[in-house]
Amino acid sequence: MRVAEVAEGQLPSDATGFRLGLEDSAGARAWVDSDSVGGVPRPFDRPDMIKTMLKTLRFRPECFLATNPALRLDRIQAVLIEYNRRGRRALAFDDLQLVKPL
């Protein structure tokens, strides 16, 4: 999944992020925080603007199983995104790719 913090005026000093969840057909859910897979990139100042750059975060199946071993990766029915940070800053998402586990 590609993601970035969206530049909106003054840049806050702290980083932001989210949790990605998977839900299987039995209702089991597992969550992984974006900080665990590299974190959401911050916008950066340029002489004439603030620039937002997307970064690929790879959420490996093992990460989800570590938080909930009961999750059935062969029965995923939903991909969930939870914005769990204070400040409610905008995030940009692009190119979600799901790869079937072996």
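Predicted model: local features only at pLDDT ≥ 70, side-chain atom pairs only at ≥ 80, totals over all residues.
Contact here means heavy atoms within 4.5 Å.

View 1. Residues are numbered from 1 along each chain as its sequence is written, and side-chain values use heavy atoms, with hydrogens and water left out. Among contacts in the chain with a separation of 6 or more, 73% come from residues 24 or more positions apart. Going along the sequence, you read β-β-β-β-β-β-α-β-β; helices (H or I, at least four residues) and strands (E, at least two) are DSSP runs, numbered from the N terminus. The C-alpha trace spans about 50 × 25 × 20 Å along its principal axes. Of the 102 residues, 32% count as buried, that is, under 20% relative accessible area with a 1.4 Å probe, protein chains only.

**View 2. An open sheet of three strands in the order S3-S2-S7.** The pairing is antiparallel, and two strands pair if DSSP finds at least two bridges between them. S3 and strand S7 (76–82) are the edge strands, each pairing on one side only. On average, neighbouring strands here are turned by 20° against each other, direction ignored; the angles are taken between N-to-C directions, from 0 to 180 degrees, using lines fitted to C-alpha atoms. S2 is joined to S7 by six bridges, and aspartate 24 has isoleucine 76 in S7 as its bridge partner.

**View 3. The hairpin of S2 and S3.** Strand S2 (residues 19–24) runs antiparallel to S3, with five bridges joining them. Four residues sit between the two strands, and glycine 27 in the turn has a positive phi of about 90°. Strand S3 (residues 29–33) is mostly covered, with four of its five residues buried.

**View 4. The largest nonpolar core, 15 residues in all.** A nonpolar core is a set of buried Ala, Val, Leu, Ile, Met, Phe, Trp, Tyr and Cys residues joined through side-chain atoms within 4.5 Å. Phe18, Leu20, Leu57, Phe59, Phe64 and Leu71 touch the most other members. S2 and S3 are the elements that give two or more residues to this core. Leaving aside residues up to four places away in sequence, leucine 20 touches Met1, Ala30, Trp31, Val32, Phe59, Phe64, Val79, Leu80 and Ile81.

**View 5. Another open sheet of three strands, ordered S6-S1-S8.** The pairing in this sheet is antiparallel. Its edges are strand S6 (55–56) and strand S8 (91–94), each of which pairs on one side only. Two bridges hold the antiparallel pairing of strand S1 (residues 2–5) and S6, and arginine 2 has threonine 56 in S6 as its bridge partner.

**View 6. The largest pocket, with a volume of about 680 Å³.** Its lining counts 22 residues, with Phe59, Pro61, Gln97, Leu98 and Val99 nearest the centre. S2, helix H1 (61–67) and S7 are the elements that give two or more residues to the lining, and H1 gives the most, with three. On a 1 Å grid over the protein atoms alone, a pocket is an open set of points where a 1.4 Å probe fits, with protein on both sides within 12 Å along at least five of seven lines, and lining residues have an atom within 4 Å of a point. The volume is the space filled by probe spheres set on the points, which are joined across faces, edges and corners.

Key. Buried < 20%, exposed > 50% of the residue type's maximum accessible area, 1.4 Å probe, protein only.
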